[in-house]
Amino acid sequence: MDSEINSNSVLQQALNTLETDRKKIAETYKTCYILFGLAIVLLAIGFLINFPSIGFIGFAISALIALIMHFKIDGDVRAYKAVYKTNVVGPALKQINETLSITPQSGLPEYEFISSELFTTEPDRYHTQDLIIGTADKTSFWFAEAHAEYKTETSTKNGTRTEWHTIFKGIVFVADFNKNFEVSTVVRPKDFGNTVGAWFSKNIFSFGNTDVVQLENTDFDNKFVTYSRNQIEARYILTPAMMERILNLNNKCDETISISFISSKMYIAFPLSHNYFEAPIHSSLLAPDLLTDDLSIVQFMQDIVQELDLNTRIWGKG
């Protein structure tokens, strides 16, 4: 894959053009860091020679110049990152699958994040970006980065302290399952309840009205808990073959995934700490392995269609 990208003249031209912009931004940031360091040094010298006012003046001038430079370059940084995703990541995706496209400013809508029923807490703050859409044979799929948080407020002697806690950070994958499900079926990690016990005051998915589905795969039941309001449909979806495929998929991930089957869609949440598709600033765009990690995650997402055998249409949409 890397060799195909490195031999793509259009992509290399885009990288060469952006590399000039990257160097300018990196040099500006470097100058800002030096000026901030100088400001601290001048302040320290002022106190050492018993002329703190001179130290403050030097600190203020140097820090102000650094702040102005940092502020002025901010627009260039945003433009650089946007062009990188459009002119570099976008064409690179075509090396994997011609149908793939990226829309950097779009993502998984918050209402869909909530309605996926993968999470028990409704976000107080939600951010999503880098929507990638594609088709693998008969199956449409899309995925995006998402970061959802809830807040807690604690009264202290100094007022109210607000703290933010992560509900989920990673990639949410969605695929057409070619079946209109009568009810929702949700597969969560076995230790999910222990991890999020503090969240249940804001539940949006009521366990009280949902049955735990006991499945015949012991390994699957040891790893996951399955909830559904229709035991028969849940077992119809989670066939022995599907459970084995989900276990195999999960074994390829660093953290346990969550899956839901809602309406005619399948949702999979992959917890990840790394942000993908971001243009580097302090390292070269011309590195041969520049896109390796980003394209490997895209390939992984596309392979889910084959991994879970979604192109085998055993049902028709009713």
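Helix axes are lines fitted to C-alpha atoms, for helices over the stretch in contact, and angles run from 0 to 180 degrees between N-to-C directions. The structure is a predicted model, in which local features need pLDDT of at least 70 and side-chain atom pairs count only at pLDDT 80 or more, while totals for chains, interfaces and linings use all residues. Residues are numbered from 1 along each chain as its sequence is written, and side-chain values use heavy atoms, with hydrogens and water left out.

The secondary structure of the protein comprises nine helices and nine strands; helices (H or I, at least four residues) and strands (E, at least two) are DSSP runs, numbered from the N terminus. Of the 318 residues in the protein, 44% are buried. Buried means under 20% relative accessible area, exposed means over 50%, and partly exposed lies in between (1.4 Å probe, protein chains only). Among contacts in the protein with a separation of 6 or more, 70% are between residues 24 or more positions apart, a contact being heavy atoms within 4.5 Å.

Two helix pairs were examined. Helix α8 (residues 240–251) and helix α9 (residues 292–307) have axes that come within 11 Å and cross at roughly 160 degrees. The two helices α8 and α9 are therefore roughly antiparallel to each other; angles under 35 degrees count as roughly parallel, over 145 as roughly antiparallel, 65 to 115 as roughly perpendicular and the rest as oblique. The crossing of α8 and α9 is right-handed. A crossing is left-handed if the near helix is turned anticlockwise from the far one by less than a right angle, and right-handed if clockwise. Arg245, Asn248 and Leu249 of α8 make the contact with Phe300, Ile304 and Glu307 of α9. In the other pair, helix α2 (residues 9–48) packs with α3 at an angle of about 165 degrees, the axes being 8 Å apart. This pair, α2 and α3, is therefore also roughly antiparallel, but the crossing of α2 and α3 is left-handed.

Leu64 belongs to helix α3 and, at 49% relative accessibility, counts as partly exposed. The C-alpha atom of Leu64 is separated by 9.2 Å from that of Ala39, with the two residues 25 apart along the chain. The loop between α2 and α3 contains Asn50, which is exposed with a relative accessible area of 64%.

In soluble globular proteins, nonpolar side chains tend to be buried together. The largest nonpolar core has 62 residues, and those with the most contacts inside it are Phe173, Leu238, Met266 and Ile268. Helix α3 (residues 52–93) gives the most to this core, with eight residues. A nonpolar core is a set of buried Ala, Val, Leu, Ile, Met, Phe, Trp, Tyr and Cys residues joined through side-chain atoms within 4.5 Å. Neighbours within four places in sequence aside, the contacts of Phe173 include Phe141, Trp142, Phe143, Met266, Ile268 and Ile304. A second, separate core of 15 residues includes Phe113, Ile167, Phe168 and Ala269.

Val298 lies in helix α9 and is buried, with a relative accessible area of 0%. Residues up to four places away in sequence not counted, Val298 touches Leu93, Ile96, Leu100, Ile132, Phe143 and Phe277. Val298 and Ile96 are 202 residues apart along the chain, yet their C-alpha atoms are separated by 8.2 Å.

Asn97 is located in the loop between α3 and β1 (101–103) and counts as buried at 12% relative accessibility. Apart from neighbours within four places in sequence, Asn97 is in contact with Thr135, Ala136 and Gln302. The C-alpha atoms of Asn97 and Thr135 are separated by 8.2 Å, at 38 residues apart along the chain. A polar atom of the Asn97 side chain lies 2.8 Å from the backbone nitrogen of Thr99.

Ser184 occupies the loop between β4 (159–176) and β5 (185–189) and counts as buried at 9% relative accessibility. The side chains of Ser184 and Glu117 make a polar contact (3.0 Å). A polar contact is a pair of N or O atoms within 3.5 Å; within protein, one must be able to donate a hydrogen and the other to accept it, and residues adjacent in sequence count only if both atoms are side-chain atoms.

Most residues other than glycine have a negative phi. Asn50, which is not a glycine, has a positive phi of about 65 degrees. In Asp130, also a residue other than glycine, phi is positive and near 60 degrees. Asp130 is found in strand β2 (residues 125–136) and is buried, with a relative accessible area of 0%.
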